[in-house]
Amino acid sequence: MADKPIVLKVLLRQRHLQGHRAFCKEYDKLAKQIEPDLMGSWPSKAQFYRWLSRDLQGLPYAHHCRILEAMFPGWTAEQLFQEHTGGIEFVPEPPNTAATGGNAARSPKPAVPSAQGMADVTAVFPSRPAFSHEIPPHKLFDGAEQINMVGLSLNLLCQSYPDRSLLDLLESGTVVQCLFLDPVGRYIKEREREESHPEGVLSTLTTLNIQTLQRLHGKLSPEAHGNLRIRTYDEAVRFNITVIDDATCVVQPYLPDARGVESPTFVIEKQPGPPGLFETFSQVFESMWARSKEITA
């Protein structure tokens with residue numbers, strides 16, 4: 001027997017929006033009304049069909065959820081991605097308006113109650129490559145006004161984002177703060193041993209990445225010099241943290257006996273309400289930055 005569809009798929013079919021093009025048109029129509037900055041931010045075709053086939057861990061990004069909830073008033077994003085218990089021809093009603101008896105659609109009770117302050121985790125990926133495939137660096141950094149990063153070698157910015165794009169950001173006023181694990185310190189040597197690297201592998205890579213940013217700094221106009229800030233720290237490396245525009249945070253733990261690329265990656269988006277993980281990891285960055293050592297660019 002085929003898997004049952006999710007509620008969203010049934011509702012889109014009923015409104016003739018099950019095709020990607022039709023869905024995007026409706027998405028932009030709603031975005032224009034409620035949040036114009038989101039026009040054109042609809043999911044890719046592959047993403048859209050992963051939604052409908054339930055090939056999704058958790059929920060889509062928060063801005064997608066806001067548009068979906070506007071598209072289907074009365075439904076929450078969580079309810080839209082639950083299994084539809086009726087037939088494909090039976091169009092459910094929103095749980096908060098459905099009758100209490102008969103065949104009215106009901107939202108099943110979650111197995112684990114939602115924990116207050118944890119709802120800002122919007123996506124989880126099993127590894128850094130899986131994250132970068134879904135959210136490449138240009139989607140993460142293009143148009144940002146502030147980028148704060150702490151980790152080991154910061155390859156996501158220094159190796160995977162074009163120099164020209166980074167220069168353009170800096171010249172346009174974007175502030176970029178990069179905090180590297182000290183390439184000549186104690187803890188990078190410990191990490192090399194933990195990852196079973198020959199001595200000097202991570203130190204050399206980190207030094208090269210720092211020199212890459214120093215070289216770019218030399219190409220900046222005098223007005224933009226202060227926008228690129230480079231520092232180092234010498235502590236046990238625990239997390240790779242990227243905070244963008246006080247809105248999005250990407251976090252990766254450093255696992256024992258595993259390279260950084262093999263670690264799970266969490267995408268966290270700041271939400272209204274009680275402080276969540278976004279504030280936790282933003283504060284980790286700020287605390288480490290405050291006690292770090294500045295490098296002359």
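Q: What makes strand β3 and strand β4 a pair in this predicted model?
A: Pairing takes at least two bridges between the strands. Six bridges join β3 (residues 175-181) to β4 (residues 228-233), so the two count as paired. They run parallel, and Q177 stands opposite R229 in β4.

Q: How do you know that β4 also pairs with strand β8?
A: The cut-off is again at least two bridges, and two bridges join β4 to β8 (residues 293-294), so this pair qualifies as well. Here the strands run antiparallel. T232 has K293 in β8 as its bridge partner.

Q: Why are helices α10 and α11 called oblique to each other?
A: Their axes cross at roughly 125°. Roughly perpendicular covers 65 to 115 degrees and roughly antiparallel begins over 145, so the angle between α10 and α11 falls under oblique. The axes of α10 (residues 186-194) and α11 (residues 201-219) come within 8 Å.

Q: Which residues make the contact between α10 and α11?
A: From α10 come I188, R191 and E192, and they meet V201, L202, S203 and T206 of α11. By class, this contact holds three nonpolar, two polar and two charged residues.

Q: What is the average pLDDT of the protein, and where is the pLDDT below 50?
A: The average is 85, and 87% of the residues score at least 70. The pLDDT is below 50 over residues 97-117, a stretch that has 19 contacts in the model beyond near neighbours in sequence.

Definitions and conventions
Residues are numbered from 1 along each chain as its sequence is written. This is a predicted model: local features need pLDDT of at least 70, side-chain atom pairs count only at pLDDT 80 or more; totals for chains, interfaces and linings use all residues. Side-chain values use heavy atoms; hydrogens and water are left out. pLDDT is the predictor's confidence in each residue, from 0 to 100. Contact means heavy atoms within 4.5 Å. Axes are lines fitted to C-alpha atoms, for helices over the stretch in contact, and angles run from 0 to 180 degrees between N-to-C directions. Helices (H or I, at least four residues) and strands (E, at least two) are DSSP runs, numbered from the N terminus. Angles under 35 degrees count as roughly parallel, over 145 as roughly antiparallel, 65 to 115 as roughly perpendicular and the rest as oblique. Ala, Val, Leu, Ile, Met, Phe, Trp, Tyr, Cys and Pro count as nonpolar, Asp, Glu, Lys and Arg as charged, and the others, Gly among them, as polar.
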